[in-house]
Amino acid sequence: MNRQEFHFEYEVYDSMDELTEEDAWLLDEAREVTQNAYAPYSKFKVGAAAKLLNGEVVKGSNQENASFPAGLCAERVLLSSASSLFPKVGIETMAISYDNANGESGQPISPCGICRQSLKEFETRTNHSIRIILGGMHGKVFVIPNADFLLPLSFTGEDLRR
Ligand code: THU
């Protein structure tokens, strides 16, 4: 028997004011696009904005459905549109924000499990890691250097080929 360890570091900022101009701009884009969410059921509007390696910016927001499982998270809406508009182009940085009509929006939220799986595969197929900025409408901001860190021991296409 031997023990393995998983460990990662991320940055914590007290507010958006401490970010670089470019990161602050992207987080603002994510905040703004929360307003394009269709979230009549949860009232939890999520926005994501990504800077691609070709310089383009792609955004997404969550799109819910009366049949709840048919709903889509902001991150996966963004990944699908990035991949459809600019196939094979990697993402340099993605900012994720939210506006919660039922409560506070002052703490960063982190992508759900399904989105982590999608982020991971997007990184693999574009051969580029995705830097993630997480922040609410105000308050602390987290910067995670690589989306891959959020899903250790993940299931991948490699497993299907073994
Ligand atoms: N949601 C996202 O869009 N991204 C996340 O990372 C977490 C959750 C959405 C899904 C649903 O429309 C609403 O937030 C409440 O779960």
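The legends below describe close-up views of a predicted model.

The shell around the ligand is made up of Ser42, Phe44, Val46, Asn62, Glu64, Cys73, Ala74, Glu75, Ser110, Pro111 and Cys112. By side-chain class, these shell residues divide into 6 nonpolar, 3 polar and 2 charged. Among the residues of the shell, Asn62 places a polar side-chain atom 2.9 Å from an oxygen atom of the ligand, and Glu64 likewise has a polar side-chain atom 2.5 Å from a ligand oxygen atom. For Glu75, an N or O atom of the side chain is 2.7 Å from an oxygen atom of the ligand. On its own the ligand has 370 Å² of accessible area, and the protein covers 76% of this area. Strand 2 (44–52) and helix 2 are the elements that give two or more residues to the shell, and helix 2 spans residues 74–85.

**View B. A nonpolar patch on the surface.**
Tyr38, Tyr41 and Phe68 together make a nonpolar surface patch of about 360 Å². Phe68 is placed in the loop that runs between strand 3 (57–61) and helix 2 (74–85), and Phe68 counts as exposed because its relative accessibility is 59%, above the 50% limit for that class. Tyr38, by contrast, comes from the loop between helix 1 and strand 2, and with a relative accessible area of 42% Tyr38 is partly exposed. The C-alpha atom of Tyr38 is also separated by 7.6 Å from that of Ser61, although these two residues are 23 residues apart along the chain.

**View C. Two loop residues with positive phi.**
Lys43 is not a glycine, yet its backbone has a positive phi of about 60°. Lys43 sits in the loop between helix 1 (21–33) and strand 2, and its relative accessible area of 42% makes Lys43 partly exposed. Asn127, which is likewise a residue other than glycine, has a positive phi near 60°. The loop that holds Asn127 lies between helix 3 (113–126) and strand 5 (131–135), and Asn127 is exposed, with a relative accessible area of 70%.

Side chains of opposite charge can pair when their charged atoms come close. In this view, Lys51 forms a salt bridge with Glu92, and the closest N and O atoms of the pair are 4.0 Å apart. Lys51 belongs to strand 2 and Glu92 to strand 4 (residues 91–100), so the pair ties together parts of the chain that are 41 residues apart in sequence. Glu92 is partly exposed, with a relative accessible area of 31%.

The side chains of Asp148 and Lys120 meet in a salt bridge, with a distance of 2.7 Å from N to O. Asp148 lies in the loop between strand 6 (141–144) and helix 4 (157–161), whereas Lys120 lies in helix 3, so this pair ties together parts that are 28 residues apart in sequence. Asp148 is partly exposed, at a relative accessible area of 26%, whereas Lys120 counts as buried because its relative accessibility is 16%, under the 20% cut-off.

Arg161 counts as exposed at 63% relative accessibility, whereas Glu158 counts as partly exposed at 48%. Elsewhere in the model, salt bridges that share partners join Glu22, Lys51 and Glu92 into one network, which includes the pair of View D. The count for the model comes to 8 salt bridges.

Methods:
Residues are numbered from 1 along each chain as its sequence is written. This is a predicted model: local features need pLDDT of at least 70, side-chain atom pairs count only at pLDDT 80 or more; totals for chains, interfaces and linings use all residues. Side-chain values use heavy atoms; hydrogens and water are left out. Patches are made of residues with over 30% relative accessible area and no salt bridge: like charges are joined within 9 Å, nonpolar side chains (Val, Leu, Ile, Met, Phe, Trp, Tyr) within 5 Å. Accessible areas come from the Shrake-Rupley method with a 1.4 Å probe; for residues, only the protein chains shown count as cover. Helices (H or I, at least four residues) and strands (E, at least two) are DSSP runs, numbered from the N terminus. Buried means under 20% relative accessible area, exposed over 50%, partly exposed in between (1.4 Å probe, protein chains only). A residue is near a molecule or strand if one of its heavy atoms lies within 4 Å of it. A polar contact is a pair of N or O atoms within 3.5 Å; within protein, one must be able to donate a hydrogen and the other to accept it, and residues adjacent in sequence count only if both atoms are side-chain atoms. Ala, Val, Leu, Ile, Met, Phe, Trp, Tyr, Cys and Pro count as nonpolar, Asp, Glu, Lys and Arg as charged, and the others, Gly among them, as polar.
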